[in-house]
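Please consult the sequence and structure shown below while reading.

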Amino acid sequence: MTEKKTITLLQIYPRDMNIYGDWGNALVLQRRLQWHGYHVNLIEYNKGDTFPADVDIIVGGGGQDSGQDIIQNDLLTIGDRLKQLAQDGVPMLVICGLYQLFGNFFKTQDGHTIKGIGLLDIETHAGPERLAGNITTHSTLFGDIIGYENHSGQTFLSTETTPLGTVVKGAGNNGQDETEGVLHHYVIASYLHGSLLPKNPAIADWLIEKAVTRKYGEFIPTVIDDRFAVEARDVALKRPR
Amino acid sequence: MSKPYVTLLGKTVRYIARLRGGGSALPGLFVEKIDPDFIRRTLADLTHGVVVISGTNGKTTTTKMVVELLESQGLRVFTNRTGSNFARGVAAALLGEVNHKGELAADIAVLELDEAHAVNFVKNVPPTHSLLLNVMRDQLDRFGEIDTTARMLHAIASATTGGVVLNRDDPRIGAAAFVQSLDVPLRSYGTHASLQRLFPSDDDLRSDDSALPKSAHLYADDTSLESLDGQTATISYGGKTTTVNLKLNGIYNTLNAVGAVALCRLIMGDNLQEAAMIEALQNVTPAFGRGETLTVGGQPLELVLVKNPSGFRLGLSSFSPDGYKTMIAINDNYADGRDMSWLWDVDFNSLQRSGVSTVSGVRAFDMALRLQYDEIEIAKVEPQLTTALRHFISDTNQPKRIFCTYTAMLALRRELAKITDVEHIS
């Protein structure tokens, strides 16, 4: 029997940025990779750690303001590395707080600017109210994307930047232009948790496909029983905001 | 409007609301509207003042314990025992208790208050004493951040006039930043260091070390849970150690009981009748839906309320699934929280061996999906609660346990009341 192919899944800042079920995204990638027949090497990068040499998929989540304060300087030190990996086609998923910090900057309520790593050409401004509730967006690549948003930052995309989806119900990036998230190289950035990947297995499998193809040349998926996900999506679509 | 009219009108609305079978808060809302000063005025004359209990988890059970401990001291206690913990819930409970002149036959009020509502409440009615339990990840769709919740509890402590009892082990309430700025007398409760691993906080969720600096504050008085073996707890305070046999289940209920003891000691001071307090403590039972046990088909049926990741994790670690049939019921109504993300912050591996018999509630499929990713077997998914419950209890060979969110619990209790003896909570 041949040795199982291994995929290294890196969670960035799980200690300080994990507030909205972000573990769910890592768990879904880990399990689906296993179900597709791969061995998963699940590793973490936290503030002050050495950034790992070999990485196949990166996931990161949201945090409290205090969590963002803790990691923001550290993130700048690994910014160039993350940009290079994105250029090289490493798939990434960043939600909420890390989505914002992957951009150019975040401007707080009191006019103070927090520098981001500029991997995404976006900027975020603290908004007057929290945009919270069930959200549905639509993407040509993934169909309906279903989740829950809860953010006060309003994110604006440069004209060259592609949103992940168009808002069907909810607020999205800024509550104004009907965009939600960003798709850049194989980097998916979004405000959606719930968690995002469990109810959107198409996105999970897309990230997996990109990682496996990049490393091993081809990806042969197995059929996964997604009946619970299909039912959970149906219910979520009908729930109030 | 004069006081007797407000009371009479409020009582009438309460009567009509009960005939309709409606919720407990409506008459309170009515009184709030026509007489915003009703609560403050009615509580102003109590000889032993007003006690506020708040925090994310354990408010209802702890309030019930505090009430029973104070009653053992001979006090007449007014409380909002419906679990309706907004100001209008307090008003509604008052309406049920006051006489036609609007007078309350009580010495002290013990109120469970929702964190956000407590902030406004204490502006009108500064509490004599308060008890702060914990700050956990809960209802972030309402409050935004856990740090916001901590600030709410800080506002309660700041408004308190006589003394505050706080959980020194909570990473936020026990933090230096929280304690330093308070100039009300502080007392603490908590556990011996050897027990702290039994109380995971959200900060331990994905790491072993907590980021917040612990307060080095020395509290004037500490009540501590020294050890726990099943339902036998050893509690120490004032240089003495007492061993008690509790009727309570679960480690978190026991810690809440220790907080209740600390508060009772503070309120009674030198007038404390210790033997009576300990006896009452041993007889305390969990509040409805907080680990209460009913009998259905000759078998015990436990209801465990879960409403946030830490509560769910504690529930799973407190109650062994061995020999039990497990049902999980998850709703997403406003009182439950609309966001399902929290289910992904709970580890369900402890259910690996027993599996889950039934998954129900509005978000049954979200829960089933969560269990799928922990590779836990599910026998049945049935979103409709009544149908699911009937199926679940049809097997009379095994004791059973239902983990349920708040509105799912209310619905299940209503259904169970039709077939077994369920305490009526008005």
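**Interface and sheet in a predicted model**

The contact draws 41 residues from chain A and 31 residues from chain B. The model is predicted. Together, chain A and chain B bury about 3,200 Å², and 51% of that area lies on carbon and sulfur atoms. The residues of chain A that lose the most area to chain B are Q64(A), F228(A) and R239(A), which together account for 19% of what that side buries.

**Polar and charged contacts across the interface**

- Three salt bridges are found across the interface of chain A and chain B.
- A salt bridge links the side chains of K199(A) and D366(B), with an N to O distance of 2.4 Å.
- Twelve residue pairs are in polar contact between chain A and chain B, counting pairs with both residues at pLDDT 80 or more.

**The side of chain A that touches chain B**

- Elements of chain A that give two or more residues to this side are the helices α1 (22-35), α2 (65-87), α4 (196-199) and α6 (227-238), together with the strands β7 (122-139) and β8 (143-157).
- Helix α1(A) supplies the largest share of this side, with eight residues.
- By residue class, this side of chain A divides into 16 nonpolar, twelve polar and 13 charged residues.

**The sheet of chain B**

- Chain B contains an open sheet of nine strands with mixed pairing, in the order β2-β3-β1-β4-β5-β6-β7-β8-β9.
- Strands β2 (77-79) and β9 (240-245) of chain B form the edges, each pairing on one side only.
- From one strand to the next, the twist averages 15 degrees.
- Strands of a sheet pair through backbone hydrogen bonds, in either a parallel or an antiparallel manner.
- Strands β2(B) and β3(B), the latter spanning residues 108-112, run parallel and are joined by three bridges.
- F78(B) has A109(B), in β3(B), as its bridge partner.

**Helices packed on the sheet of chain B**

- Helix α4(B), residues 59-71, packs on the sheet and touches β1 (50-54), β2, β3 and β4 (129-132) of chain B.
- The direction of α4(B) makes about 165 degrees with that of β3(B).
- Helix α10(B), residues 251-268, also packs on the sheet, where it touches β1, β3, β4, β5 (163-167), β6 (186-191), β7 (222-229) and β8 (232-237) of chain B.
- The direction of α10(B) makes about 155 degrees with that of β6(B).

Conventions:
Residues numbered from 1 in each chain as written. Chains lettered and ligands numbered in written order. Predicted model: local features only at pLDDT ≥ 70, side-chain atom pairs only at ≥ 80, totals over all residues. Heavy atoms only, no water. Contact = heavy atoms within 4.5 Å. Buried area = accessible area lost by both parts, 1.4 Å probe. Salt bridge = Lys/Arg side-chain N within 4 Å of Asp/Glu carboxyl O. Polar contact = N/O pair within 3.5 Å; in protein donor to acceptor, adjacent residues only side chain to side chain. Helix = DSSP H or I, 4+ residues; strand = E, 2+ residues; numbered from the N terminus. Nonpolar A, V, L, I, M, F, W, Y, C, P; charged D, E, K, R; others polar. Pairing = 2+ DSSP bridges. Axes fitted to C-alpha atoms, helices over the stretch in contact; angles between N-to-C directions.
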